[in-house]
Structure formats: structure tokens, C-alpha cells
Amino acid sequence: MKDHPADPYAARVAICELLQRVGTADRAALGTLYELTASSLFGICMRICEERSAAEDVLHEVYHLIWTRAGSFVPTAAHPMSWLGTIARNRSIDWVRGYGKRMTRPIEDADDIADDTPDQLAMLERTEEAQRLYDCLDALDPRQRDTLRTAFFGGLTYAQLAEDNGVPEPTVRSWARRGLLNLRGCVGDG
Amino acid sequence: MTAEDDALAGELALGLLEGDERAQALRRTLSDPDFARAVEWWRVRFADLLVEYRPVAAPAGLIDDIGVPTAPKTRGGLRLVVSSALAAAAAAVLVMVLRPAETVLPPPIDRATTVTLLAALQPSDGTGTPISAVVDGGAGQVRVVATGIAPAGKAAQLWVIRDGVPRSLGLLSGSGTTRLALPPTERAALQPGLVLAISIEPPGGSPKATPTGPVVASGPLTAI
């Protein structure tokens with residue numbers, strides 16, 4: 001673990017450049033990108049898959065996707081960590097929808113391994129759009145907000161949310177849908 | 001797009017849906033561009049929350065098989081790769097012991113689906129940076145990263161020269177990455193040594209089967 005940029009701007013530039021090199025099938029660039037970003041993406045996979053071997057399989061798949069898709073990454077369109085994090089989250093959700101959650105142990109156990117690389121996701125700047133999203137989430141009815149946030153971070157289904165909250169599924173659906181519509185109206189077209 | 005559609009797009013982006021509901025919504029992203037845009041809008045919005053995930057140290061060596069042409073596409077992990085290689089070696093030894101006269105052939109590699117080829121297309125005028133092209137055999141496509149090759153009102157067209165004949169692979173977009181699906185005939189035939197070239201053509205591409213305008217960049221494919 002060396003030369004990991006701790007400055008958000010330098011890190012962003014470094015990741016963009018690595019992605020462009022990966023897009024030209026540069027194997028060494030993929031290795032460096034992994035060193036720099038894997039713990040951030042693994043955190044997403046672990047949180048959603050809740051099982052180490054599954055999360056490792058998904059993480060492998062994520063970097064395989066990055067390997068094949070990096071050429072389509074447009075550096076100006078989004079922060080590269082948003083792009084990478086969204087791939088990790090979507091693949092993790094695909095996995096749990098395909099195989100289901102096992103619920104073998106508490107989630108908190110997942111975070112017991114210290115990691116000395118800077119958290120690249122934590123370097124995502126609080127842009128105006130991000131601030132607006134947080135403001136709009138804060139303005140929601142607490143049940144709507146909690147439903148959306150819990151669904152996002154855990155990658156949970158309506159059925160799982162209903163069980164966790166001890167309420168019928170239609171109730172959770174109504175919270176989420178009203179939350180989404182209110183959020184859509186508040187955030188606007190961006 | 002109704003408000004209901006927007007909410008559905010948000011539900012899909014969050015991952016709330018499962019089973020048939022999820023499958024139907026996913027199918028709709030393919031057939032309904034407005035809906036697909038709405039899903040993407042939500043994904044970009046929610047990506048601002050990614051900052052809250054906590055990192056977990058990832059295993060080393062996990063991706064050692066990615067980008068290596070002969071690696072299996074699905075992961076069994078390094079252990080599996082190693083153990084299957086050992087098993088193959090052991091089997092080979094066994095066969096040689098039992099039938100010393102026979103040659104043991106390595107298992108065939110499906111090159112069309114695993115090989116990745118790379119070309120750096122050098123500008124014909126000797127100035128500027130090379131244009132990179134990646135042939136992804138697995139995805140059956142070629143990706144070219146280039147901006148502003150063709151002057152206004154013209155199009156840049158990609159060719160592969162095979163058997164001495166240029167064959168069109170498609171038109172490049174004006175900026176960024178162009179991904180072109182490889183025609184089945186080219187997909188099987190692309191191999192190291194063949195030359196890729198870009199020519200300047202009228203809008204819509206060459207009216208003929210071969211280039212009509214100047215070739216502005218070219219370079220050979222190499223295996224990686």
C-alpha cells in the first residue's frame with residue numbers, strides 16, 4: 001500500500017486516469033485501481049451480501065465488469081467512485097436477488113478488519129446535488145426517509161423491510177413510494 | 001411517464017423489487033428509453049449516498065485472473081484455478097504414464113470468447129497521440145477512444161484490413177468512446193497482426209465497400 005493519494009482531487013484524477021488505462025486493457029492499471037478502491041467497494045459488497053465468500057465473488061465480478069466496461073467511463077460525467085460504487089452496489093443486489101441473504105451473522109462483524117488505504121468513497125465531495133438530496137431526505141416523513149435509506153444501504157426488498165419493521169408489505173410499499181415521489185418533487189430535475 | 005412510473009424507476013434503482021416485478025421493470029428499461037432515463041436519474045441521485053458505506057479490507061490476489069486471456073470467466077477463486085491446473089497436470093502425468101506413446105494436447109481454448117486484442121492507431125501525419133482500440137472478444141465488440149478525428153460534416157470510419165481487403169467495422173462517434181458490435185464474420189477472424197485503420201468519409205460512412213477518403217490513422221492488432 002503506497003502512494004495512495006489522500007487529497008480528494010488528486011485521488012479523483014488518479015482514479016480517472018487508471019480507468020482510462022484499464023479501458024485500454026492495461027492490466028497493471030487494474031491492479032493499481034484495485035489497491036486504491038477495493039476496500040471501498042468491498043465495504044458495499046459486504047454490507048449487502050452479508051457473507052464474506054459471496055461478497056468476494058461479487059467483488060471479483062465487479063472488477064471483471066470494470067475491466068470490460070472501463071472504456072465506456074466518461075471522466076467528466078460523474079465522480080469515478082460514484083460510477084464504481086454504483087456498479088458494486090448493483091452487482092451485490094443482483095447477487096442477493098439471485099441467491100438470497102443467508103443472515104448467518106451480524107453485519108457489524110463485517111467491519112472488524114482495519115484497512116489503511118484512504119476510503120475513496122469518503123472522498124466524494126458534498127456537491128450541491130448531494131447536499132440537495134440530503135436536505136430533501138431530511139424533509140421527508142421519518143418513516144419514508146428511513147425506509148429509503150435502509151433499502152439503499154442494505155439493498156433490501158419490500159418483503160425484508162416489512163419483516164424488519166414488523167408491518168405488512170403494502171405499508172412499507174406505501175412509505176417507500178410516497179417517499180420516492182416526495183423526494184422526486186423536492187430534488188427536481190437537477 | 002407518470003408519477004407512478006417515476007416511483008417504479010426509483011424502486012428499481014433502490015433494489016426494492018424482486019421476482020417478476022423486478023424482471024418486468026428491468027425489461028422495461030430495455031424497451032422504454034424514458035423509463036431507462038428515469039432509473040438512471042435515480043441511480044445518479046442515490047450514488048450521493050455511497051459515501052456512507054464503510055470500507056472493509058479486501059482480499060489480496062482476488063483479481064489476479066482478470067484480464068489474463070486463458071483465465072476462466074467465472075470465478076472459482078485462485079485456489080480453484082490452481083487446483084484445476086494441478087488436477088490437469090496430474091491427469092496429464094497419469095495419461096503419459098499409461099500411454100507414453102500418445103501426445104497430450106492442452107485443452108482447447110475458446111479464443112473467440114476470451115481473447116482481447118489491442119491496437120494503437122498511429123496518426124498518418126505523424127503528429128498527435130495514437131488512438132487506442134480494444135477488441136473485446138468476450139463482449140464481441142471493439143472499443144475506440146478518440147475525439148475530434150473527423151472534421152465538421154465528415155465521419156470517421158473504422159476498418160479492419162483482412163486478406164488485403166478493408167472491411168468496415170462501423171462509424172466512430174465524434175467524441176469519447178465508441179463501442180461497435182463486431183460482425184460475426186469479423187469476430188471470429190480478428191487476430192493479432194491484422195491492421196485497423198480509420199478513414200474520413202462522408203456523413204453516414206463510405207458509399208462503397210472500401211474507404212473513399214484519406215486514412216488518418218492505422219495500426220496492427222496485438223494480443224495482450
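Which residues of α1(A) are buried? Before selecting them, a word on the model: it is predicted, with local features needing pLDDT of at least 70 and side-chain atom pairs pLDDT 80 or more, while totals for chains, interfaces and linings use all residues. Residues are numbered from 1 along each chain as its sequence is written, and chains are lettered from A and ligands numbered from 1 in the order in which they are written.

Start by selecting residues 8-23 of chain A: this is helix α1, with 16 residues (helices are DSSP runs of H or I, at least four residues, and strands runs of E, at least two, numbered from the N terminus).

Now colour Ala11(A), Ile15(A), Leu18(A), Leu19(A), Val22(A) and Gly23(A), which are buried (20 or more other C-beta atoms within 10 Å of their own; exposed means 12 or fewer, partly exposed in between, with C-beta atoms placed from the backbone). They sit on the same side of α1(A), because they cover an arc of only 140° around the axis, taken from the directions from the helix axis to the C-beta atoms.

Turn to the other side of α1(A) to find Tyr9(A) and Ala10(A) exposed.

Next, show what the buried residues pack against: α2 (27-49), α3 (52-69) and α4 (80-99) of chain A, together with β3 of chain B.

Step just past α1(A) to Ala25(A), where phi is positive, about 65°.

Finally, move to chain B, which has six helices and eight strands. Of its 224 residues, 30% count as buried.

Notes. The expected span of a helix is 1.5 Å times one less than its number of residues. Two residues are in contact if their C-beta atoms, placed from the backbone, lie within 7 Å.
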